[in-house]
Amino acid sequence: MKEKIKIGIIGVGNISEEHIQSYLRSPDAELYAFCDINSDRLTKMGEKYQITRLYHDYHEMLSLPELDAVSVCTWNSAHAPAAVAALDAGKHVLCEKPMALSKAQAEQMREAALRNNRLLMIGFVRRFGNDCAILQDFIDQDYFGELYFAKATYLRRKGNPGGWFGDKSRSGGGPLIDLGVHVIDLVRYLMGKPKAVSVYGATFRKLGDRSEIKGAAGYQSSGKTDHDICDVEDLATGMIRFENGAVLQIDASFSLNLKEDKGEIELFGTKAGAKLNPELELFSEDCGYMTNVSLTVPTALSFEDLFYQEISHFISCVKDGLPCRSPAEDGVEMMAILDALYKSAATGHEVILSQED
Ligand SMILES: NC(=O)c1ccc[n+]([C@@H]2O[C@H](COP(=O)([O-])OP(=O)(O)OC[C@H]3O[C@@H](n4cnc5c(N)ncnc54)[C@H](O)[C@@H]3O)[C@@H](O)[C@H]2O)c1
């Protein structure tokens, strides 16, 4: 039996802690090395998790021949260069969402995985929830009939985390690429991953990051400073039409004058509908009556358990060659959708996705 999979982490900020805790829980993984360009954070995380192989430059870490795989948990602009370097060094990669800043970068990453025959998994963590598995069961048993419309909502009233999140050169955009990506992916995954054929999008920069506004400050980037740039949209809305005729409406915000933050998906089919917020409710017609159904099993997992499911799957794919549930091509398709939504917002026109997208 092969030894434990030796893991390196590139970018040891906030979300890396979920990866690290999950690797620590996994009997088949060994946390082996950390890399971050921020010296203080690297030292602190090394001490916290007793990791002594610490690097500022991921190329150095990747030259460790015994390292098997890495989690890429950097800000978005470093995903593509770090993942390509890791794949070219022969390592398997789990890359956080969004896959990259653009479809072009995402394609380079997928090609690097192919040419090196290594796994590139994208961290679409919502795919690993109980709610997703339960909805999938209902969909597989044709509970909904034809799913022809969906709404994905991820709205925050004062939810720009600051730091790199507001800096387009490092994030690629605001709430659409940061939050919208989660819910667009979940809906598309549940619908059987249809290809997008056209999109219409609009973005707004009206309220900024609201750093001066008093009120709950629930979302704080580890890199937040007093002189953060904010050149990303604060609201994005869009419509995505899929090849099977289904349409998804998406709304995502960092700043918006709404009563309370809201994160939900709604699916509408010919036989039934569903709402996930965060518990699952089903809406149908039975015996000539409109009925609402709630489940007697818990449908939501904790954040930690979601990540544990994702990381366990990554380890199983690397160790046992399991087919990946969240492969690179899904990240490429997502980047094509996001590129098209931003392009539509910039031009004011519908964008048709080409056959190759
Ligand atoms: N799946 C989820 O639910 C979820 C939640 C939050 C964040 N994320 C994603 O995780 C990623 C990180 O987000 P975060 O909140 O942890 O940010 P963060 O700022 O807390 O951490 C990012 C770290 O990457 C480091 N870094 C940047 N460039 C680097 C490079 N070239 N080499 C090494 N280190 C580098 C930074 O110094 C920083 O410590 C983002 O892509 C974000 O979208 C995913």
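The crossing of helices α6 and α8 is right-handed, meaning that the near helix is turned clockwise from the far one by less than a right angle, anticlockwise being left-handed. Helices here are DSSP runs of H or I with at least four residues, strands are E runs of at least two, and both are numbered from the N terminus. This is a predicted model, in which local features need pLDDT of at least 70 and side-chain atom pairs count only at pLDDT 80 or more, while totals for chains, interfaces and linings use all residues. Residues are numbered from 1 along each chain as its sequence is written, and side-chain values use heavy atoms, with hydrogens and water left out.

**α6 with α8**
- The axes of α6 (residues 130–140) and α8 (residues 175–190) come within 10 Å and cross at roughly 30°; axes are lines fitted to C-alpha atoms over the stretch in contact, with angles from 0 to 180 degrees between N-to-C directions.
- On the α6 side, Cys132, Leu135, Gln136 and Ile139 make the contact, and α8 brings Leu186, Tyr189 and Leu190; contact means heavy atoms within 4.5 Å.
- Six of these residues are nonpolar, one is polar and none is charged; Ala, Val, Leu, Ile, Met, Phe, Trp, Tyr, Cys and Pro count as nonpolar, Asp, Glu, Lys and Arg as charged, and the others, Gly among them, as polar.

**α1 with α9**
- Helix α1 (residues 16–25) and helix α9 (residues 303–320) have axes that come within 9 Å and cross at roughly 65°, and this crossing is right-handed.
- Among the residues that meet are His19 and Tyr23 of α1, and Phe307 and Phe314 of α9.
- The tally for this contact is seven nonpolar, two polar and five charged.

**Around the ligand**
- There are 28 residues around the ligand, and Ile15, Asp36, Arg41, Asn76 and Ser222 come nearest; a residue counts if one of its heavy atoms lies within 4 Å.
- Ligand oxygen atoms sit 2.6 Å from a side-chain N or O atom of Asp36 and 2.9 Å from one of His79.
- Glu96 has a polar side-chain atom 3.1 Å from a ligand nitrogen.

- Lys97 and Pro98 are joined by a cis peptide bond, with omega about -15°; Pro98 is in the loop between β5 (92–96) and α5 (103–116).
- Another cis peptide bond joins Asn277 and Pro278, with omega about -20°.
- Gln50 is not a glycine, yet its phi is positive, near 55°.

Terms used:
Polar contact = N/O pair within 3.5 Å; in protein donor to acceptor, adjacent residues only side chain to side chain.
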